[in-house]
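Open your viewer and switch to a cartoon view with side chains ready to show. We will go from one selection to the next and look at what is there.

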Amino acid sequence: MKLKLLVFFTFLSIGYNTKSQVNSLLNFDKHKAEYLYHFAYECIDNEYPNKLGQVLGNDSYLAPPRELHPAFYGCFDWHSSVHGHWTLVTILNRFPDFEYRDEILKKLQKNITKENILTEVAYFDDEHNKDYERTYGWAWLLKLDEAILEWDNPEAKELHENLFPLVRLISGKFSDFLDKLIYPIRIGEHSNIAFGMSFAYDYAKKYDPELALKIEEKAREYYMEDCECPLTWEPGGFDFLSPCLQEAFLMEKILSKVEFEKWLTDFLPGFEKNPEKYLEVAVVTDRSDGKLAHLDGLNFSRAWCLFEIGHALNNQKMIDLGEKHFNYSYEKMDSGEYAGAHWLASFASYALIKYSL
């Protein structure tokens, strides 16, 4: 009998240790920071290749990215540059003694200057580009300022002051757009409004109460009556966001726990009990194809949604499924393909943050 008990408790101990080791792989530690930082560090001043996505008003609009967007001209496109900056600020905030702190800070201070940001403001005020980066890039810009405001570092104050004219402009644009948007945008790419509202809300609930109230009102207007989201239809071939999970991710922030539990039961019936029945890890066949590489981003963004909702509902099955999504793409991030390297570190970093909450 004693031998059987010894074997039983030894088995439990092995199982516990294995689980602890698996969980530790997702802790946002300095080792992961050292791996992730270089993706953003190497691309925020890498001007080419570059996808501008602009509307040309005349010949004068034809200029190098560094002249059009002197703050955010690297990382292939404007929004990726913005969330590359967010990644670096986030790492320095979490690890004040980070080995490459001085080199990173030098790049941040070189890009986020008063003059550079005023040039960015003028671009967003241009009559032909007033909806530029709506709303994905807008959301990341607010997320960047949130990270700077929470960064316990003397230099952060100046960075925030420099960035603020653009933050103020984007916040106003976001609110105005929500006033005009009758129907929510439910796709799995940049325009997904639940994603934009979710990230903007993180900033607004701390620093912009008017925008926060607008997001709360519009989230209820858009999504409160939604039910039976077709999760098994996902993913689309180019998705980097899950339309169903991003909506749930937003509503978890907006609703009380009691409201959210009731809403989620109608929105994703059966998902809480058996999430793996509805979601499989997205497979990437060609990481040199920028659109197909989106699916690595989908794995990370699904992971952060599953972590956040799983923690809120104390649902380990969701957290475990998030781990599978995260691990599949994290292990393949350093593929040498710029199509993913210029942006995925931000998604991986955010997923790690949500796992550790």
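Which helix gives the most to the lining of the largest pocket? Select α4 (78-94): α4 supplies three residues of that lining, the most from any element. Keep in mind as you look around that this is a predicted model.

Stay with this pocket and show K51, F76, D77, H79 and H190, which are the closest to its centre among the 26 lining residues. The space here comes to about 600 Å³. Its lining is made up of nine nonpolar, eleven polar and six charged residues.

Next, move to the second largest pocket, with about 340 Å³ of space. Select K143, E146, E150, K206 and I353, which lie nearest its centre. Here too α4 gives the most to the lining, this time four residues. By class, the lining has eleven charged, five nonpolar and two polar residues.

Now pick α11, residues 243-254. Is this helix buried or exposed? Twelve of its twelve residues are buried, and the elements covering them include α9 (193-207), α10 (209-223), α12 (257-267), α13 (294-313) and α16 (344-356). From first C-alpha to last, α11 reaches 17 Å, close to the expected 16 Å.

Finish in the largest nonpolar core, which has 112 residues. Select F72, L166 and L264, the members that touch the most others. Helix α8 (residues 154-180) brings the largest share of this core, ten residues. Around L166, leaving aside neighbours within four places in sequence, look for contacts including F72, W78, I117 and F124.

Terms used: Residues numbered from 1 in each chain as written. Predicted model: local features only at pLDDT ≥ 70, side-chain atom pairs only at ≥ 80, totals over all residues. Heavy atoms only, no water. Helix = DSSP H or I, 4+ residues; strand = E, 2+ residues; numbered from the N terminus. Expected span 1.5 Å × (residues − 1). Buried < 20%, exposed > 50% of the residue type's maximum accessible area, 1.4 Å probe, protein only. Contact = heavy atoms within 4.5 Å. Core = buried A, V, L, I, M, F, W, Y, C linked by side-chain atoms within 4.5 Å. 1 Å grid on protein atoms, 1.4 Å probe; cavity = no way out; pocket = protein on both sides within 12 Å on 5 of 7 lines; lining within 4 Å. Points joined across faces, edges and corners; volume = space filled by probe spheres on them. Nonpolar A, V, L, I, M, F, W, Y, C, P; charged D, E, K, R; others polar.
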